[in-house]
Amino acid sequence: KSHKELLLPPTPCRAQTNVMFLKTHKTASSTILNIMFRFAERYNLTVALPADQLFHLGYPKTFMAHFVEEFEAIGQNYNIMCNHLRFNPSEVQKVMAANTFYFSILRNPIPLLESAYVYYKNSVPAFRISKDVNEYLASPLKYYHRANYRQNIYARNIMWFDFGYDNNAEDDEEYIQEVVKEIEQNFQLILIAEYFDESMILLKHTLCWDLDDVVYFKLNSRSQDTVQTLTPESEERIKTWCSLDWKLYLHFNQSFWRRIEESIGFEVLGKEVNRLRARQKELMKICLSQQEAVGKGHIKNKALLPFQSGAANILGYNLNQGLDDRTLRACQRMVLPELQYMSYLYSVQHPHKKRKNSGFPLLWTNSQDK
């Protein structure tokens with residue numbers, strides 16, 4: 001390279017503020033939702049929120065534009081979309097601006113299925129009638145009946161379903177290649193939950209965001225004692241039972257690392273991941289009274305209690321006492337569970353509408369928020 005080139009300043013970029021995140025199930029997506037909500041507040045952006053008393057964008061129905069609150073009035077002027085929906089590109093495009101950045105996240109289907117099993121134990125027929133996850137996987141078709149496929153979506157190829165495809169489709173190479181190609185056309189970036197910090201750095205670089213835009217506390221995770229141990233046989237069976245998800249994951253796990261290599265390189269990645277973790281530690285010291293998430297019974301402020309589901313004990317946080325107002329607000333936002341955060345944003349964006357009844361006390365109301 002000539003000396004001239006080396007002296008050129010890096011091209012400054014502007015933060016991308018039109019972003020659609022396809023929130024997949026049990027993939028660390030609640031943590032990303034919180035990142036998206038905080039980003040929306042920082043830049044005063046309009047979020048496509050679920051209409052009326054809905055808590056997601058029509059899921060598991062295939063997404064339609066009218067599932068978004070005030071879509072008729074606001075039209076294609078939403079900046080951020082990140083609540084659960086079943087992807088339907090033509091309808092999402094009616095809501096989001098033409099230059100929107102689309103991304104999503106995948107997780108290894110092996111831990112994913114176990115997580116779904118515990119979380120949806122009481123609501124999914126295939127899970128409810130089997131004793132535990134290993135019994136279910138020993139002969140899934142004994143418990144998984146196609147007639148109940150709507151109730152059973154979490155029990156097989158859930159990521160495939162979230163992307164808008166048939167989760168009971170035959171495993172056919174050509175079909176899988178077609179779907180993968182379509183996903184690559186619809187999404188500029190697919191992150192990987194197993195490499196969450198690396199994913200956040202890649203996202204930050206791609207969208208030209210700041211470190212504090214992607215710093216996070218892990219949300220909606222569960223206590224270790226509710227994790228069921230999969231036998232090696234079960235792990236192998238998931239690869240065939242959820243083969244669509246498995247192949248999807250293998251493909252995008254590869255393209256994820258290729259993308260990192262081509263865009264930031266492993267050296268910069270390592271440094272940035274360390275910066276992210278250092279900043280996270282620093283914020284944990286500032287914000288949290290215990291330096292970790294605590295079980296549902298130990299969360300003192302009920303406004304910070306996450307929604308509890310199935311046999312999982314969903315963890316949350318306690319904040320330090322005596323924080324100044326501005327710090328308290330910033331800390332609260334980082335630990336606010338998704339239902340409460342969504343209800344709050346809804347009341348800010350749609351002050352004349354009936355409040356969403358999340359079943360939790362609201363942490364703050366608009367009047368105090370000015």
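This is a predicted model. A place to begin is Asn220, which has a relative accessible area of 22% and is therefore partly exposed. Asn220 sits in the loop between α12 and α13. The backbone at Asn220 has a phi near 65°, a positive value in a residue that is not glycine.

Asp225 is also found in the loop between α12 and α13. The relative accessibility of Asp225 is 65%, so Asp225 counts as exposed. Met334 is 109 residues from Asp225 along the chain, and the C-alpha atoms of the two are separated by 25 Å.

A positive phi also occurs at Ala28, where the value is near 75°, and Ala28 is a residue other than glycine. Ala28 belongs to the loop between β1 and α2. With 31% relative accessibility, Ala28 counts as partly exposed. Another backbone feature is the peptide bond from Tyr59 to Pro60, which is cis, with omega near 0°. Pro60 is located in the loop between α2, residues 29-42, and α3, residues 71-74.

The next part of the picture is the sheet. Four strands make up an open sheet in the order β2-β1-β3-β4, with parallel pairing. The edges are taken by β2 (80-81) and β4, each of which has a single partner strand, so one side of each is left without a neighbour in the sheet. In general, the strands of a sheet pair through backbone hydrogen bonds, either parallel or antiparallel.

Going through the pairs in sheet order, β1 and β2 are joined by two bridges in the parallel sense. Here Val19 has Ile80 in β2 as its bridge partner. Strand β1, residues 19-22, is joined to β3 by four bridges, and the two run parallel. Within this pairing, Leu22 is opposite Ser104 in β3. Strand β3, residues 101-106, runs parallel to β4 and is joined to β4 by four bridges. Ser104 stands opposite Ile190 in β4.

Which way do the side chains of β1 point? Val19 and Phe21 point one way, Met20 and Leu22 point the other way, and all are buried. In β4, residues 189-192, Leu189 and Leu191 point one way and Ile190 and Ile192 the other, and again all are buried. This follows a general rule: in a regular strand the side chains alternate between the two faces of the sheet.

Trp209 lies in the loop between α11 and α12, where α12 covers residues 211-214. Is Trp209 buried or exposed? The relative accessibility of Trp209 is 4%, so Trp209 counts as buried. Asp324 is 115 residues from Trp209 in sequence, and the two are 26 Å apart in space, C-alpha to C-alpha.

Leaving aside neighbours within four places in sequence, the contacts of Lys204 are with Trp209, Asp210, Leu211, Val214, Glu272 and Arg275.

The last step is to look at the whole chain. The secondary structure comes to 18 helices and four strands. A compact globule of 370 residues would have a radius of gyration near 21 Å, and the protein chain agrees with this because its value is 21 Å. The C-alpha trace spans about 60 × 60 × 45 Å along its principal axes. Of the 370 residues, 55% are buried. Among contacts with a separation of 6 or more, 72% are between residues 24 or more positions apart.

The protein chain exposes about 17,400 Å², and 51% of this comes from carbon and sulfur atoms. As for charge, there are 44 positive and 41 negative side chains, and the centres of the two sets lie 5 Å apart.

Technical notes:
Residues are numbered from 1 along each chain as its sequence is written. This is a predicted model: local features need pLDDT of at least 70, side-chain atom pairs count only at pLDDT 80 or more; totals for chains, interfaces and linings use all residues. Side-chain values use heavy atoms; hydrogens and water are left out. Buried means under 20% relative accessible area, exposed over 50%, partly exposed in between (1.4 Å probe, protein chains only). Two strands pair if DSSP finds at least two bridges between them. The radius of gyration is taken over C-alpha atoms; the globule rule is 2.2 Å times the number of residues to the power 0.38. Contact means heavy atoms within 4.5 Å. Accessible areas come from the Shrake-Rupley method with a 1.4 Å probe; for residues, only the protein chains shown count as cover. Lys and Arg count as positive and Asp and Glu as negative; His and the chain ends are not counted. The place of a charge is taken as NZ of Lys, CZ of Arg, CG of Asp or CD of Glu.
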